[in-house]
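Please keep the sequence and the three-dimensional view side by side while you read. The paragraphs below go through a few helices and strands, one after another.

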Amino acid sequence: MSEILFQLKNVSKEFDTKAEQVTVLRNLSLNINYGDFLTIAGASGSGKSTLLNIIGCIDKPSSGSVLFSGYDITGISLDDLSKYRLQNIGYVFQSFNLIPVLSAYENVEFPLLFRYQEKKKIREKVEHMLERVGLKDRMSYPLAKLSGGQRQRVAIARALAGSPRLVVADEPTASLDRDTTLSIVQLLKDMGTEYNTTIVLATHDPEVIRYAGNKYFLREGNLVGYY
Amino acid sequence: MLDQHTLKFYLSPRKITSPGDVSAHQIPGIYIYKLLKLSYRNLFRNRRGAAFAITIGAAGFAALSIAMGYYQYIMYGLEELTIRNGFGGEGGSGHVQIKDIHAGLAEESYAYEFGLGNVATLMKALGDDPDVDYILPRIEIGGLISNGDKVLPFKGYGIEPATEARLRNGLSKIDPTALAGNEILPLGREDTGILLGRKLALALHAKVGDALIMYGTTVDGAINGTDVVVSGIMSTGINQVDKYYLLTNIKTAQQLINTDKISYAAVMFKNREHLDEKQQRLSDTLKARLPLAPLRLLDWKQNAEFYTSVEETYSSIFIFMGVIVLLLVALGCWNIMHIATMERVREIGTLRAIGLSVPVINMIFFLEAMFIGVISVLTGFLLHLLIAALINEYRIMMPTIPGMNRGYPLRINGVSIYHLWLSAGIIVAISCSSLSSFLAIRKLSIIDSLEHT
């Protein structure tokens with residue numbers, strides 16, 4: 001039986017608007033195992049991003065518990081969780097969110113500077129990851145000279161370079177063409193397997209969902225099995 | 001702070017560890033240059049904003065540099081004026097003055113009780129000091145002066161015209177157009193000659209060559225009179241003083257008051273460097289050569305009440321002005337840094353999401369502001385050199401100061417140690433403007449930042 005990496009227990013999330021209180025997640029529970037490749041689908045506004053933010057520890061639930069490796073991290077502030085995120089979580093965003101003034105190499109290197117002190121180790125990790133995502137010959141390229149797909153590969157390399165236990169990807173292929181989308185998802189899946197990293201991916205693209213081991217659909221603030 | 005439970009989590013065996021792991025809340029020292037590189041490149045993201053901030057900083061630096069150069073020039077001028085000319089007609093203070101130990105500190109029982117006697121021995125001892133360039137013996141006199149029809153009070157000095165002229169001639173270093181000292185030279189042509197203050201001459205209807213009678217009190221308390229001839233008419237630069245001022249030869253003055261003493265001797269060293277050491281050596285020499293003479297040495301600043309008060313006033317004005325300019329520079333850059341922050345909200349959210357702490361992100365903006373400060377200083381320095389060169393080249397004349405009767409040329413002194421302080425001030429002021437970024441970043445939530453478009 002797989003060991004549980006991440007748990008949500010009866011998590012709810014509410015937002016106060018001027019007019020009313022909106023409940024996005026309702027008593028949602030979820031177990032994510034080590035090495036899972038998991039997708040969360042749902043209509044626009046269904047709360048995929050909110051759920052991903054909570055899993056990615058950049059948002060807090062209104063109620064319920066969040067456990068990582070069995071430890072309850074619900075009460076820890078987001079600022080205090082920054083160290084935890086740096087050590088354990090990688091992020092891939094829809095619009096890549098790379099630092100435009102840095103090269104491909106420097107973008108992957110940047111978060112590692114705050115994890116490791118050994119220059120050699122950082123260099124080896126960055127070069128390995130960029131080679132792994134197929135950008136070995138474009139390491140020193142400025143981002144402006146890379147295509148959308150290549151930039152997303154840089155983002156994947158950045159997310160995985162720190163050997164996180166969990167990578168959270170919020171619609172990473174939404175702004176890419178079909179061929180690039182499939183190659184990016186395949187890359188994420190392969191690398192997740194290769195580095196024993198859990199991948200949680202939000203999407204509404206059936207082609208992408210097909211790659212996942214666990215497929216969830218978010219409806220009325222709760223998860224239902226996709227298939 | 002993380003609680004014990006979470007700490008245990010971080011230390012759990014499944015954590016990916018390495019001997020080189022460091023805390024995300026620390027900025028690794030060996031990678032600070034990476035942050036510097038990032039901050040430097042960020043400057044070029046909003047070129048217009050950065051250029052505007054640099055312009056503000058450079059203009060502030062140049063303005064303060066020029067003000068400081070002007071301040072240094074006028075203070076140097078004032079120092080030289082104090083040493084070589086004085087402000088009340090008393091003559092320049094010289095670098096050091098030799099007085100009787102009681103002079104100015106106790107009341108005299110009779111006139112010139114605290115004057116300096118045995119002048120020839122004193123002058124020889126002073127002249128033998130290798131640092132001494134020349135000596136200016138002086139005697140203060142006061143009394144009445146008459147043209148036969150009209151009697152007016154006067155106050156003045158008995159001097160050695162040649163050395164006094166030499167002392168004042170030194171002012172031409174500051175203002176080459178000044179003919180300081182030349183007006184005294186006619187006094188040397190005749191032993192009984194006098195130079196009258198402009199307004200005093202006017203009141204006496206005196207002109208060069210006229211005979212007048214000077215009256216004074218002798219050291220014995222008797223009234224004495226001596227015939228004098230007007231050798232010239234001069235101005236002290238202060239209209240009020242010109243109404244009663246006169247100069248005469250030291251011998252004529254001594255004859256009037258019936259003494260061979262002098263009031264004091266001013267001493268000029270060969271240069272102004274290491275004045276304290278030179279003064280100390282001179283003091284030691286005098287103690288050795290004239291052990292019984294009760295002498296006191298005063299450096300030029302101890303006699304320079306006017307200089308000291310002006311220095312205090314001007315320093316206060318320039319410091320106040322400097323603080324205002326630094327505040328304006330900081331406020332000008334504040335808004336630019338705020339805009340730079342708001343243009344990168346999503347990036348800030350990303351950096352926080354991937355685990356960088358807020359202090360690390362603040363550091364990026366701080367370094368960015370610091371770069372603007374450094375570039376501003378370099379640009380401002382060049383601008384300062386250009387403007388200073390133009391001002392010095394065109395010899396702009398400043399208006400006459402109230403109470404004086406002559407303007408002075410505007411000059412800007414060159415680079416000094418104070419430029420380092422000014423550079424630090426500008427860099428700190430601009431770096432402080434990154435506080436606007438800190439405040440903006442503190443208010444941003446990670447989620448809102450990532451959703452920012």
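A residue is called buried when its relative accessible area is under 20%, exposed when it is over 50%, and partly exposed in between, with a 1.4 Å probe and protein chains only. Helices (H or I, at least four residues) and strands (E, at least two) are DSSP runs, numbered from the N terminus. This is a predicted model, in which local features need pLDDT of at least 70 and side-chain atom pairs count only at pLDDT 80 or more, while totals for chains, interfaces and linings use all residues. Residues are numbered from 1 along each chain as its sequence is written, chains are lettered from A and ligands numbered from 1 in the order in which they are written, and side-chain values use heavy atoms, with hydrogens and water left out.

The buried residues of H9(B) are B:Leu275, B:Lys278, B:Gln279, B:Leu282, B:Ser283 and B:Leu286. Seen down the helix axis, these buried residues fall within an arc of 140°, so they line one face of H9(B), where the arc is that of the directions from the axis to the C-beta atoms. The face turned away from this buried side carries the exposed residues B:Asp276, B:Lys287 and B:Ala288.

Now turn to chain A and its strand S7 (residues 166-170), where 5 of the 5 residues are buried, so that the strand is largely enclosed by the rest of the structure. In a regular strand the side chains alternate between the two faces of the sheet. In S7(A) both faces are covered, with A:Leu166, A:Val168 and A:Asp170 buried on one side and A:Val167 and A:Ala169 buried on the other.

Two strands pair if DSSP finds at least two bridges between them. Strand S6 (residues 89-92) of chain A runs parallel to S7(A) and is joined to it by 4 bridges, and the bridge partner of A:Gly90 in S7(A) is A:Val167. S7(A) also pairs in the parallel sense with strand S8 (residues 198-202) of chain A, over 5 bridges, where A:Leu166 has A:Thr198 as its bridge partner in S8(A).

Elsewhere in chain A, an open sheet of 4 strands has the order S2-S1-S4-S5, with antiparallel pairing. Its edge strands are S2 (21-33) and S5 (71-72) of chain A, each of which pairs on one side only.
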